[in-house]
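Student: I'd like to learn how to read a protein model. Could you walk me through this one?

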Amino acid sequence: MASSSSFKYDVFLSFRGKDTRKNFTSHLFDALDKKRVNTFIDKYISKGERISTDLLNEIIEGSKISILIFSQNYADSKWCLDELVKILDCKQKKNQIVIPVFYSVRLSDVRNQTASFYNAFVQHEKDFKETLERVEKWKTALTEASYFCGHESEKSRDEAELVNAIVADVLNKLKAITFSTDFNGLVGINWRIEKVKWLLCMGLSDIRIVGIWGMGGIGKTTIAEALFNQISKEFEGACFMANVREESEKGVGLSNLQKKLLSQLLQEKIEIGGPNIPQHTKDRLRHMKVFIVLDDVNKFRQLEQLAGGINPFGPGSRIIITTRDKQVLDRYGVNHIYEVTAMNNDEALKHFCNFAFRQNHCPQEFTMLSQMVIDYAKGHPLALKVLGSSFRPKSRLSDWENALRNLRRISASDIYDVLKISYEELEWDVKDIFLDIACFFKGVMKIV
């Protein structure tokens, strides 16, 4: 999802005017407005007017959340159905949040296009014999939307309760969006968090370990921190153990890390670690549902001492391990691994521009030069951040061109230091192979 600064509205309301404008939708809009939720509601439909399709699409794209209010005559409106298709397109491409509301209709009628929805499509198929593809898109969109987590009026005691539930849902989701999209300025973090959540399977009572793997500076820690802040309160005990690699190399560092971990989980100071942990302490942990993040792990023994397998913790516990070395995860038997890959071109451009121009797009005159930087960084978030910050003071095109020429000869020290760690942890023979490849210049004859 894009940076929150790029959104014009918090919520977009999609509804059938003649069904709910003067009752439910007006109450929902008023309740959101009282909570200072910036909500777009089309005030022109009741007057028989239309805003342009381009403008409407722009408004939908500029909203963090879309609320779909399905009512008896929703599917009668081609306008509503086109809105629905656009909203789901934003869901797919921009990870926009969609909240369906089934108002005086059954969820199954929306999903299967039965009852009034069936009648609507009988008419559409008569009217649009030459555009059956468009009708099929509408049907597919309705079915897809029915599977999103939403609200059903028949499950609420009254309309006021339904409105309050939707407003609470919106506020919770806005809070999560604000955190995840702005956290450390990492564009696209929201859908990456959802991928890790899917691997965590929070609804199951098993004890699960998930690895987050990727090269240095790719965003592993940022994803883990954001996720920890979102879900840690759902557990009886939680601990984010940062910089495990660095801390464990300090003398008795690993032992101290274990004591710190136990102290945070049990909310009391633990002085004894290693094999001498008292039995009653172990018994307490076995009955606790805990959430642990072990950040920047590079050795198997770190996992042995800090994670201790899955037996020490209670049902429903979750452990996340971030590492640059997949072999550590494989050796420990971690089967659920999320590989953090580089940003795509759109994400990379927004991320770079956030630091270079303090906005998620670049001025037209810098478009070509910005793309050259994006190509150079290969979608690496840290590289984009460092380069963007270094270009920010440069306001002239000539300064940018000079800086781009220098990029071919030198790398920013911040990027170098992070990537150097990955090289230093290689075995000596692998280092030799790496250097052979790195120094094999394109176009130069190979001497056998």
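Student: Which residue follows helix 17, and is its phi positive or negative?

Tutor: Keep in mind that this is a predicted model. Helix 17 is followed by Lys-378, and the phi of Lys-378 is positive, near 55 degrees.

Student: Which residues of helix 17 are buried?

Tutor: Start with the general idea: an α-helix has 3.6 residues a turn, so residues three or four places apart point the same way. Now the case here: helix 17 spans residues 367-377, and its buried residues are Leu-369, Ser-370, Val-373, Ile-374 and Ala-377. They cover an arc of only 145 degrees around the axis, so they sit on the same side of helix 17.

Student: What about helix 18, how many of its residues are buried?

Tutor: Helix 18 runs over residues 381-391 and is mostly covered, with eight of its 11 residues buried. Among them are Pro-381, Leu-382, Leu-387 and Phe-391.

Student: How do I read the way two helices pack, say helix 9 and helix 10?

Tutor: Look at the angle and at the gap between the axes. Helix 9 (residues 189-200) packs on helix 10 (residues 220-231) at an angle of about 65 degrees, and their axes are 10 Å apart. That makes the two helices roughly perpendicular. The crossing of helix 9 and helix 10 is right-handed.

Student: Now the rings. How many aromatic pairs are there?

Tutor: For a pair, ring centres must lie within 6.5 Å. The count comes to nine aromatic pairs. One of them joins Tyr-9 and Phe-40 edge-to-face, 5.3 Å centre to centre with 65 degrees between the planes. This pair links distant parts of the chain, as Tyr-9 is in strand 1 and Phe-40 is in strand 2, 31 residues apart. Tyr-9 and Phe-40 are both buried.

Student: Which residues form an aromatic cluster?

Tutor: Phe-228, Phe-235, Phe-240 and Phe-291 form one. Phe-235 also has a charge over its ring: the charged end of Lys-289 sits 5.1 Å from the ring centre. You'll find another such case at Trp-213, where the charged end of Lys-326 sits over the ring, 5.9 Å from its centre.

Methods. Residues numbered from 1 in each chain as written. Predicted model: local features only at pLDDT ≥ 70, side-chain atom pairs only at ≥ 80, totals over all residues. Heavy atoms only, no water. Buried < 20%, exposed > 50% of the residue type's maximum accessible area, 1.4 Å probe, protein only. Helix = DSSP H or I, 4+ residues; strand = E, 2+ residues; numbered from the N terminus. Arc of directions from axis to C-beta. Phe/Tyr/Trp six-rings, centres within 6.5 Å; stacked < 30°, edge-to-face > 60°. Lys NZ or Arg CZ within 6 Å of the ring centre and 35° of its normal. Axes fitted to C-alpha atoms, helices over the stretch in contact; angles between N-to-C directions. Parallel < 35°, antiparallel > 145°, perpendicular 65-115°, else oblique. Left-handed = near helix turned anticlockwise from the far one by under 90°.
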